[in-house]
Amino acid sequence: MKTRRTIQRKNSNQVYLNALQEKYSKILVIRLDLSYKKPFCNDITLEEATIDLKKLLNNRRNNKTIFEHNIGYIVKKEFGFDLRIHFHVFFFFNGQEVQKGSFRADQIGKYWNEKITKDKGTYYNCNRNKYPEHGIGMLIHTDKQKREYLDKAISYLCKEEQHIKETRKERLIVRSTIPRSKSKYGRSRRIN
C-alpha cells in the first residue's frame, strides 16, 4: 500500500525528471548502488555514511574528469540486513556530451571506493545489465517507453521498505535542484 508521502515523493521526482527533459533532449541515466565492504559495513554509522555521500556529491563541482556534464542526481538512503547502510543513486548527464554509461558508472564507483571511502566502499554498476525496463542508459526526449521505465525505477526508490527513519536532519531521498526552464528562443524540438 502506498502512503501519501510515497506518492508525494514519486510525483516530485517526476516533476524533476520533466524539468531535466525540458532542458536536455538527451539524458544519459546512470544507476549505481553504493555501499561498504563486509568488514566495514557493520561499523559505519548513518552519520558517517551521510558525510561520505555529501562529500561525493559536493566533489562533483571540482572533479571535471568524472562529473563534467553532470546535470543532476537522485539518491535513496536505505538500511538492509546484508549491506547495512547503502545508497541507490541515479546520476543524470547531458546525453549530447556523454555517451558511455557503464564506463562513467565505473568511474564514479571507483571514485567512491578509492577516494571517498578510502577503500572501505564498494559499488554495483547497474548500467552493465542489459535490462531495458530499468530505464537506464540513453534517454531521448521522444522515447516515451524508456521514460515510463525510468519513472517506474524512480518510484521504486520511493518505497517505504528498508528505509531509514526520516528526520529534519536526515532526509531519505536527496536530489539536485530542479533546473531552470529552458529559454523559449532558438529552434524548437521536433516532436513525432
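Residues are numbered from 1 along each chain as its sequence is written, and side-chain values use heavy atoms, with hydrogens and water left out. Because the model is predicted, local features need pLDDT of at least 70 and side-chain atom pairs count only at pLDDT 80 or more, while totals for chains, interfaces and linings use all residues.

Let's begin with the inside. A nonpolar core here is a set of buried Ala, Val, Leu, Ile, Met, Phe, Trp, Tyr and Cys residues joined through side-chain atoms within 4.5 Å. For burial, buried means under 20% relative accessible area, exposed means over 50%, and partly exposed is in between, using a 1.4 Å probe and protein chains only. The largest core has 27 residues, and the ones touching the most other members are Leu56, Phe67, Val75, Phe87, Phe91 and Phe93. Which elements supply at least two residues each? They are strand 1 (26–36), helix 3 (46–58), helix 4 (64–67), strand 2 (70–80), strand 3 (84–94) and helix 5 (101–116). Those names come from DSSP runs numbered from the N terminus: helices are H or I with at least four residues, strands are E with at least two. Apart from that core lies another one of 20 residues, including Tyr24 and Ala153.

Now please find Phe67, in helix 4. Phe67 counts as buried because its relative accessible area is 3%. Contact means heavy atoms within 4.5 Å. Setting aside residues up to four places away in sequence, Phe67 touches Leu56, Arg60, Phe91, Phe93, Arg104, Ile108 and Tyr111. Leu56, with neighbours within four places left out, is in contact with Leu34, Phe67, Phe91, Tyr111, Trp112 and Ile116.

Staying with the rings, Arg104 lies over the face of Phe93, 5.3 Å from the ring centre. The rule there is NZ of Lys or CZ of Arg within 6 Å of the ring centre and within 35 degrees of the ring normal. Rings of Phe, Tyr and Trp (its six-membered ring) pair if their centres lie within 6.5 Å; planes under 30 degrees apart are stacked, over 60 edge-to-face, and the rest tilted. The count is six aromatic pairs, and ring pairs join Tyr16, Phe90 and Phe92 into a cluster.

On to charges. Side chains of opposite charge can pair when their charged atoms come close. How many salt bridges does a search of the whole structure find? Four, each one a side-chain nitrogen of Lys or Arg within 4 Å of a carboxyl oxygen of Asp or Glu. One of them joins Lys76 and Glu78, at 3.2 Å from N to O. Lys76 is buried at 0% relative accessible area, and Glu78 is buried at 1%. Asp33 bridges to Arg31, with the closest N and O atoms 2.9 Å apart. Asp33 is buried at 17%, as is Arg31 at 13%.

Then there is Arg128 with Asp106, whose closest N and O atoms are 2.1 Å apart. Arg128 sits in the loop between strand 4 (121–125) and strand 5 (137–140) and Asp106 in helix 5, so the pair ties together parts 22 residues apart in sequence. Arg128 is partly exposed at 49%, whereas Asp106 is buried at 13%.

Last, the cysteines. With a disulfide taken as a pair of cysteine sulfur atoms within 2.5 Å, the count is zero. Cys41 is buried at 6% relative accessibility, and Cys126 is buried at 6%.
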